[in-house]
Amino acid sequence: MEILQRIAQSLEAGDDGDVPGLTRQALAEGIAPKVVLDQGLIAGMNVVGEKFRVHEIFLPDVLLAAKAMYAGMDILKPLLSSAGVASRGRVVIGSVQGDLHDIGKNLVGIMLRGAGFEVVDLGNDVAAEKFVAEAKSRDARVIGMSALLTTTMPVMKEVVDLLKKENLHGRIKTIIGGAPVSREYAGEIGADAYGYDCAQAVERVKELAAAASLRGGTAAS
Ligand code: B1M
């Protein structure tokens, strides 16, 4: 589909003027929002990441691409989160301490809201203590953490360890995700689940929320 390639190319070029129009055009052509996201916007961002890795482009180019990504996401957001089902419970999400990457985390939030979860988004650069304190005070069943840097991944373990220390492990479930994170890493640090992408994150969170309910909710209940 040529239009998806054009979206990816505009995003690569950091053209936040063109991306919204092309995104609308793809939707008007009948392409599903999730396909526009995966094969247009995310495909373009993957190329940006690779070019950045091999020093073909530099940080300002990546920032422009991120701006273009958000311009496209603004169009898709209402369509990705329009399920309108009854609340399935509360989920606290954030990018871990030291990590400013928030595009993937925001997509997870959009999709979770679409699936009927109440999402408390703590933003980026979130300390382990804050994840746990907010989950407790907001009576959340699940904590979702995103990390894009290998150097920030250990904060995910800090959260799991803190939950164990406070005897909340199992009552507040954890899910992790982000490009350098894996199912194996989730097992290694004792997280309850791993989401490869935002769609899988929703499926895993549904399972976790159901399991947390069976255990009688969180600390506040
Ligand atoms: Co940065 N960056 N960056 N960057 N950046 C990466 C991550 C990098 C891989 C690029 C590269 O070298 N190829 C590299 C990390 C290397 C490493 O750690 N091994 C890197 C680096 C080095 C850096 C800096 C250190 C650069 C510097 O300053 N010299 C710096 C660090 C800043 C910081 O965080 N402290 C930095 C800065 C930035 C920008 C600010 C310019 C910008 C971020 C803007 C923003 O987020 N608002 C940026 C970007 C855009 C990227 C790349 C190009 C794209 C990331 C992205 O948004 N992808 C990235 C390269 C790459 O990943 N290929 C790169 C699209 C997004 C939809 O994917 O976030 O993976 P992603 O989310 C996916 C899944 O992972 C999953 O769902 C989403 C898809 O559905 N997912 C979850 C994500 N979170 C989840 C949580 C879940 C479940 C699934 O459950 C809770």
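This is a predicted model: local features need pLDDT of at least 70, side-chain atom pairs count only at pLDDT 80 or more; totals for chains, interfaces and linings use all residues.
**Exercise 1. The sheet**

Find the order of the five strands in the open sheet, and state how they pair.

*Solution.* Step 1: the order is 2-1-3-4-5, and the pairing is parallel. Strands here are DSSP runs (E, at least two residues), and helices are runs of H or I with at least four residues, both numbered from the N terminus. Two strands pair if DSSP finds at least two bridges between them. Step 2: look at the edges. Strand 2 (118–121) and strand 5 (193–195) each have a single partner strand, so one side of each has no neighbour in the sheet.

Residues are numbered from 1 along each chain as its sequence is written, and side-chain values use heavy atoms, with hydrogens and water left out.

**Exercise 2. Bridges and strand 3**

Count the bridges that join strand 1 to strand 3, then decide whether strand 3 is enclosed or open.

*Solution.* Step 1: five bridges join strand 1 to strand 3. Ile93 stands opposite Gly144 of strand 3. Step 2: move to the other partner. Strand 3 and strand 4 also pair over five bridges, in the parallel sense. Here Val142 has Lys173 in strand 4 as its bridge partner. Step 3: check burial (buried means under 20% relative accessible area, exposed over 50%, partly exposed in between, with a 1.4 Å probe and protein chains only). Five of the five residues of strand 3 are buried, so the strand is largely enclosed by the rest of the structure. Step 4: sort them by face. In a regular strand the side chains alternate between the two faces of the sheet. Val142, Gly144 and Ser146 lie on one side, with Ile143 and Met145 on the other.

**Exercise 3. The ligand**

Which protein residue is the single donor to the cobalt atom of the ligand?

*Solution.* Step 1: the donor is His101, through NE2, 2.2 Å away. Donors are N, O and S atoms within 2.8 Å of the metal (3.2 Å for Na, K and Ca); water is not among the atoms, so sites may look incomplete. Step 3: widen the view. 35 residues surround the ligand, and the closest include His101, Ser146 and Cys198. A residue counts as near if one of its heavy atoms lies within 4 Å. Step 4: list backbone atoms. A backbone N or O atom of Gly49 lies 3.0 Å from a ligand nitrogen atom. A backbone N or O atom of Cys198 lies 2.9 Å from a ligand oxygen atom.

Note on methods: A polar contact is a pair of N or O atoms within 3.5 Å; within protein, one must be able to donate a hydrogen and the other to accept it, and residues adjacent in sequence count only if both atoms are side-chain atoms.
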